[in-house]
Amino acid sequence: MSGADTVKEDRLWQRHADMAKLGGTPKGGVNRQALSPEDAQARNLLALWAKARGFSISTDAIGNLFIWRQGTDKHAPPVMSGSHMDSQPTGGRFDGMYGVLAAFEALEALEDAKIATKRPVVAVAWTNEEGSRFQPGAMGSAVFAGHYKLDEMLQVKDWKGVALKDALAETLKAAPAPATAPFKVDSYVEAHIEQGPRLENEGKTIGVVTAIQGSRRYIVETLGEEAHAGTTPRAARKDAFQAALRIANAMYEATTDRDDTLRFTIGRVDVQPGSPNTVPGKAVFTIDMRHPQDAVLDIHEKKLRDIVAGKAAPCTATIERITNVAPTDFDPKVIDLVRDKANALKLSNMDMPSGAGHDAMHIAKLCPAGMIFVPCERGISHNEIENATPQDLAAGTRVLVEVLEALANR
Ligand code: GLV
Ligand code: MN
Ligand code: MN
């Protein structure tokens with residue numbers, strides 16, 4: 001019996017349904033932002049399932065949660081798989097959670113098939129992938145990989161001023177796990193819903209992920225002068241929101257490319273003091289910009305900086321880069337293995353790059369890594385209506401368990 005034979009579609013689907021209750025929204029999605037009480041509940045539920053199967057759990061200094069199925073060679077670095085359990089404020093039930101539950105199902109399937117592996121196989125739930133509450137995103141995996149400094153991340157504050165260090169302490173108090181020392185990883189494979197429409201449009205079940213495009217995030221802040229909305233003449237105003245609008249409009253224009261490859265998004269705008277009858281004295285907005293080539297991102301970053309310098313007057317403005325994640329090319333051997341296993345399972349598949357960022361982009365700098373995509377309905381994600389079929393989720397997990405077993409016995 002192989003690991004793929006013991007993947008249980010119903011069990012995997014039910015686990016998604018159970019997790020969707022934690023932070024569940026009336027529209028059927030989830031609001032389970034990083035290090036919130038709902039995040040702690042999800043950690044506890046996963047830990048409960050793990051203990052019931054005899055797997056051990058551990059956590060590191062940034063709160064990544066690891067679930068261990070031991071190998072026959074106690075000293076061999078593990079093969080790892082997982083994703084994230086935190087969500088967007090109006091997120092779906094599958095973004096991230098699928099990768100965690102697929103990895104957990106893979107551990108269970110290996111257990112059910114009584115397959116011993118040389119290396120341990122570890123399922124992981126990375127802390128704060130979404131970066132909607134605490135910036136930057138993909139934080140847990142980036143700290144694990146040594147790209148972001150733990151001390152700096154612990155100081156990061158959310159939009160309400162809560163320090164990550166405090167939110168993490170609360171979370172680990174509510175969802176405790178034994179601490180783990182840093183450890184090496186042999187290889188990493190992450191399953192995820194595609195979050196775009198290509199698999200569905202092409203009628204394919206498995207996306208063999210070859211790369212992830214580069215992404216950068218920025219915060220722009222404009223400073224003006226608060227003034228009375230009824231009495232202050234236009235010419236005398238330093239309206240920080242108007243300055244932000246001028247800057248934003250120029251940026252939209254400067255980042256429009258003919259083939260629509262460059263992605264530019266302003267996803268959050270904060271206007272202060274936020275009173276209808278006061279001219280805004282401060283505005284803050286976020287930028288998320290992505291492209292497969294770093295050089296193109298460099299060119300457009302320069303444009304953004306020039307716009308901030310040139311369009312702010314009579315206000316002042318600054319732009320700060322919060323993250324810069326270079327494009328990722330996955331390991332050719334892992335890519336081939338994913339494709340071979342999908343073919344062996346007679347699952348239709350196609351090679352594709354990822355438009356979304358994933359924890360795998362950081363772990364790929366540590367060890368050979370790859371990803372497996374499955375379709376999601378109409379490609380919609382970062383939306384409460386995000387949906388996927390139990391069959392596709394199970395199909396991706398079958399590929400995953402076969403890949404993990406092969407890697408763990410190399
Ligand atoms: C992850 O959710 C991303 O923003 O790509
Ligand atoms: Mn995700
Ligand atoms: Mn996401």
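Which residue with a positive phi follows H10? Helix H10 is followed by Lys346, whose phi is positive, near 60 degrees.

This is a predicted model, in which local features need pLDDT of at least 70, side-chain atom pairs count only at pLDDT 80 or more, and totals for chains, interfaces and linings use all residues. Residues are numbered from 1 along each chain as its sequence is written, and side-chain values use heavy atoms, with hydrogens and water left out.

Helices (H or I, at least four residues) and strands (E, at least two) are DSSP runs numbered from the N terminus. Helix H10 comprises 13 residues, 332-344, and reaches 18 Å from its first C-alpha to its last, close to the expected 18 Å; the expected span is 1.5 Å times one less than the number of residues.

| State | Residues of H10 |
|---|---|
| Buried | Val334, Ile335, Leu337, Val338, Ala342 |
| Exposed, on the face turned away from the buried side | Pro332, Lys333, Ala344 |

The buried residues Val334, Ile335, Leu337, Val338 and Ala342 cover an arc of only 160 degrees around the axis, which puts them on the same side of H10. The arc is that of the directions from the helix axis to the C-beta atoms. What covers these buried residues includes strand S5 (187-193), strand S16 (369-374) and helix H12 (390-408). At the start of H10, the backbone nitrogen of Lys333 has a side-chain oxygen of Asp331 within 2.9 Å.

Elsewhere, helix H3 (residues 97-112) contains Glu108. Glu108 is buried, with a relative accessible area of 1%.

How values were computed: Chains lettered and ligands numbered in written order. Buried < 20%, exposed > 50% of the residue type's maximum accessible area, 1.4 Å probe, protein only. Contact = heavy atoms within 4.5 Å. Polar contact = N/O pair within 3.5 Å; in protein donor to acceptor, adjacent residues only side chain to side chain.
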